[in-house]
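Subject: Structure for your review

Dear colleague,

Please find the sequence and the structure below. My notes on the findings follow directly after them.

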Amino acid sequence: MAAQNNDPDWPCIQRLQPRLSLGQAWTGPTPPDGAAIPAETAALAERLVQRRMTMDEAETEIAAFAATTDAEGLALLMQAVFHRIDTQRATIIQGISRYGHAQVALAAQVETRRRRMAELEAADSPDFDAIDAEERALDIDMRVFTDRQHSLTYVCESPVILEQRLFALGRAIAAQLP
């Protein structure tokens, strides 16, 4: 029940949460309103959000940055990290939604092909060439549909992985607060 979705087109088990808020991942000081993110802070944020950077490497870079800044600088770093991850996550969620719509359309196409095959087979004088062609097309559509269904689990985990990265980076940055 906890994962119940409000969007019937959402294909994932996880509840659809289109956007996150900074407060979900950050308990530190509020970044100043309208403050510009310094270039070095933005560059560090860009490196930190890269999933190929291990959390140990990220923590080392955060600690080095913290030695040169104050709580406001760390808050701005978290704001920059949050903005990048939330934007990536929103893009992925839009893609998942399109993926789900494509699966619904493909399922409808499979059902149409099945009905067409049943009609061809039930005809007084069946056209076996047409039945064979429809069966080949149905097999291809079913294979594509099934492969995509198997991939759905991985696709749906992508936003979760980004959220986990965001929360881990939030903890690492907060740990450096004076």
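This is a predicted model: local features need pLDDT of at least 70, side-chain atom pairs count only at pLDDT 80 or more; totals for chains, interfaces and linings use all residues.

In which segment is W10 found? W10 lies in the segment before α1, where helices (H or I, at least four residues) and strands (E, at least two) are DSSP runs numbered from the N terminus.

Residues are numbered from 1 along each chain as its sequence is written, and side-chain values use heavy atoms, with hydrogens and water left out.

W10 counts as buried, at 9% relative accessibility; buried means under 20% relative accessible area, exposed over 50%, and partly exposed in between (1.4 Å probe, protein chains only). Although W10 and I96 are 86 residues apart in sequence, their C-alpha atoms are 7.9 Å apart in space.

I93, in helix α4, is likewise buried, with a relative accessibility of 8%. Leaving aside residues up to four places away in sequence, I93 touches W10, L16, Q17, P18 and P159, contact being heavy atoms within 4.5 Å. By C-alpha atoms, I93 is separated by 29 Å from P32, which is 61 residues away along the chain.

**The largest nonpolar core**

A nonpolar core is here a set of buried Ala, Val, Leu, Ile, Met, Phe, Trp, Tyr and Cys residues joined through side-chain atoms within 4.5 Å. The largest such core has 26 residues, and the members that touch the most others are L48, L77, V81, L166 and I173. Two or more residues are given to this core by each of α1 (22-25), α2, α3, α4 and α5. The largest share, 8 residues, comes from α4. A second, separate core of 8 residues includes W10, C12, I93 and I96. In soluble globular proteins, nonpolar side chains tend to be buried together.

L48 touches M53, A58, E61, I62, L77, V81, R165 and L169, not counting residues up to four places away in sequence.

**Helix α2**

Within α2, the buried residues are T41, A42, L44, A45 and L48. Viewed down the axis of α2, these residues fall within an arc of 160 degrees, so they line one face of the helix; the arc is that of the directions from the helix axis to the C-beta atoms. The buried residues of α2 pack against α3, α4 and α5.

T41 has a relative accessible area of 3% and is therefore buried. Outside the four neighbouring places in sequence on either side, T41 touches F65, L76 and L77.

The other side of α2 carries A39 and E40, which are exposed. For A39, the relative accessibility is 63%. A39 and S97 are 58 residues apart in sequence, and their C-alpha atoms are 34 Å apart in space.

**Helix α3**

Helix α3 (residues 55-66) has 12 residues and, at 1.5 Å a residue, should span 16 Å; its end C-alpha atoms are 16 Å apart, which agrees. The expected span is 1.5 Å times one less than the number of residues.

The buried residues in α3 are A58, I62, F65 and A66. Seen down the axis of α3, they fall within an arc of 95 degrees, so they line one face of the helix. Their cover includes α2 (39-48), α4 (71-122) and α5 (128-174). On the face of α3 turned away from the buried side are the exposed residues D56 and T60.

I140 is in helix α5 and counts as partly exposed at 46% relative accessibility.

R148 lies over the face of Y99, at 4.2 Å from the ring centre. A charge sits over a ring if NZ of Lys or CZ of Arg is within 6 Å of the ring centre and within 35 degrees of the ring normal.

With kind regards
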